[in-house]
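Keep the picture open as you read.

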Amino acid sequence: MDRLPVRKTYKLWIGGAFVRSESGRSDTVGVFNIPRGSRKDVRDAVAAARRAAEPWAKRTAYNRGQILYRAAEALESRRAQLIAVLTDAGSDSSQAEAEVDAAVDVLLHYAGWTDKLQGVLGAINPVAAPFLSFSLPEPTGVVGVVAPDAPALLGLVAEVSPALAAGNTVVAILSESRPLAGLDLAEVLGVSDIPGGVVNLLSGRRGELVPALGAHRDLNAIVDASGEPALGTELDKLAAETIKRTSHHAAASSYELAVEDSLERLAAVTELKTAWHPVGA
Amino acid sequence: MSRQLAHVDRVGVEERAAALGARSIKTTAKQQGIRLAVSMLDLTTLEGADTAGKVRQLCAKAVCPAPAMPEIPSVAAICVYPALVTVAREALAGSGVKTASVATGFPAGQVSLEAKLRDTEDAVAAGADEIDMVISREAFLAGDDLRVMREVSRIKDACGDAHLKVILETAELGSYDHVRHASMLAMEAGADFIKTSTGKAASGATPGVCLVMLEAIRDYLDRSGRIVGFKAAGGVSTSKAALHRLVMVKETLGDDWLTPERFRIGASSVLNDLLMQYAKTESGRYGRSEDFSRE
């Protein structure tokens, strides 16, 4: 007997919950329904990320590393499914395999950075005065990510992982043309140990969501890997209103490219706090 | 008065309350609504850790909630514990913002009537314009309606010229029937306002409770001709919730009730959300809480 086709309806991932777009709109990608996020979804996601920011930053670096490592394990266990998604979207199978493997490895790589960041970015500063002066890295806060179209999965993971490793929470706008890998990533991370709201993933029209994200006053930094110069310029202007930190990257197309400038990626979403403590003369 | 009042239709009340919440309020109507809601706020601080300094800061914010947006009005009142009434009154002198004080062994009310009267007299003597009392839930739940009414009417006498708001603490009453009944008792006994909650219970001014109390006020007005105000307190923490309460008041009691003399919202955190949403209507940008002072 023929079975009726069971078509999946993907959801946005906001505050740890899988939700339809507040606007009720959806699009179709292949045989799948995907939500078309709205500006209010962006607002809700930023609010959820803000609520999650302090508890996430307060966790020990060791614990954040454990959680990210566990997320990499979860991603590895869904390897076959993600390869199939990427193949359906037009990658050939060896490309797709390499991309999923690289995504897992990148996540693992940044999981290892959590408890090394302070040692590398922090310092005891040599000052010519009777002070102990030291600098400590602190997370920037809520980081917006604009994911590239290709590679859809690796490009997203390469931008989200450093922000998480540095103790930030993330609101990411998925690729408009190839959102499925990102929506599947949400389902993978949703069953890992990542607390609700630490990562929020939205699908929809870039032209609608990205300006709303860039203009949101409660966002602290934006990492743009869209590769669209006009969008980047608009983001820079919007970000200037509340002095958000912005960085623009080319999409990371391999493991090597995603990790070769790890420290810059981490530093782009880290603040340095310097304290001067008087010492006896 | 016996407990043989008509039952409240729980499903009907909740559906109507929810339907009124679905109304879309945008642009200039939203701005007007937000300004109105701010002018009806009882900005409240009722913590063990309240100090004179904190109350003074809150008073400054009550008088001028957003210096960058001068069209935002002052709030209606500051609500504090009796011991801080003097401080609030000094800080608010000449501003038109009223000083409200909780009294009668707030929030549990589990003290003797003498202690409640003394508490009230102290607050009035310190200069409170409004007194927020709690009813004896203990007496109400035991069925002793007479004691509930007698207490309210004795406290009303002790208030003198001060306005009396009677807190029902609806979360502890158990059902809409009880909420309606307690509303009637409070109004019969002389309440100037009836108020949902202390803000210390598990839930507060839920839409259903607000509607039941507003309808009780309407029915009491029809019967007795006396006007009683309503204060929604507890759980009104977003602009959306505040505007929803305004819609309910307008639809149940009419435009006459859309004034701080007859309707109040008791809250603390909602003010910043109202300001943030107002700024959003001006700038088109979603805001952040750090744009506004916490107190």
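Start with two helices of chain B: the axes of α2 (residues 27–39) and α11 (residues 270–283) come within 10 Å and cross at roughly 155°. That makes α2(B) roughly antiparallel to α11(B), the label for angles over 145 degrees. Here an axis is a line fitted to C-alpha atoms over the stretch in contact, and angles run from 0 to 180 degrees between N-to-C directions. Helices are DSSP runs of H or I with at least four residues, strands are E runs of at least two, and both are numbered from the N terminus.

Who does the touching? From α2(B) come B:Thr27, B:Lys30, B:Gln31, B:Ile34, B:Ala37 and B:Val38, and from α11(B) come B:Leu271, B:Leu274, B:Gln277, B:Tyr278 and B:Thr281. Contact means C-beta atoms, placed from the backbone, within 7 Å. These residues divide into 6 nonpolar, 4 polar and 1 charged (Ala, Val, Leu, Ile, Met, Phe, Trp, Tyr, Cys and Pro are nonpolar, Asp, Glu, Lys and Arg charged, the others, Gly among them, polar).

Now zoom out. Chain B has 11 helices and 8 strands. Its C-alpha trace spans about 55 × 45 × 35 Å along the principal axes.

Before you go: this is a predicted model, where local features need pLDDT of at least 70 and side-chain atom pairs pLDDT 80 or more, while totals for chains, interfaces and linings use all residues. Residues are numbered from 1 along each chain as its sequence is written, with chains lettered from A and ligands numbered from 1 in the order written.

Key: Angles under 35 degrees count as roughly parallel, over 145 as roughly antiparallel, 65 to 115 as roughly perpendicular and the rest as oblique. Two residues are in contact if their C-beta atoms, placed from the backbone, lie within 7 Å.
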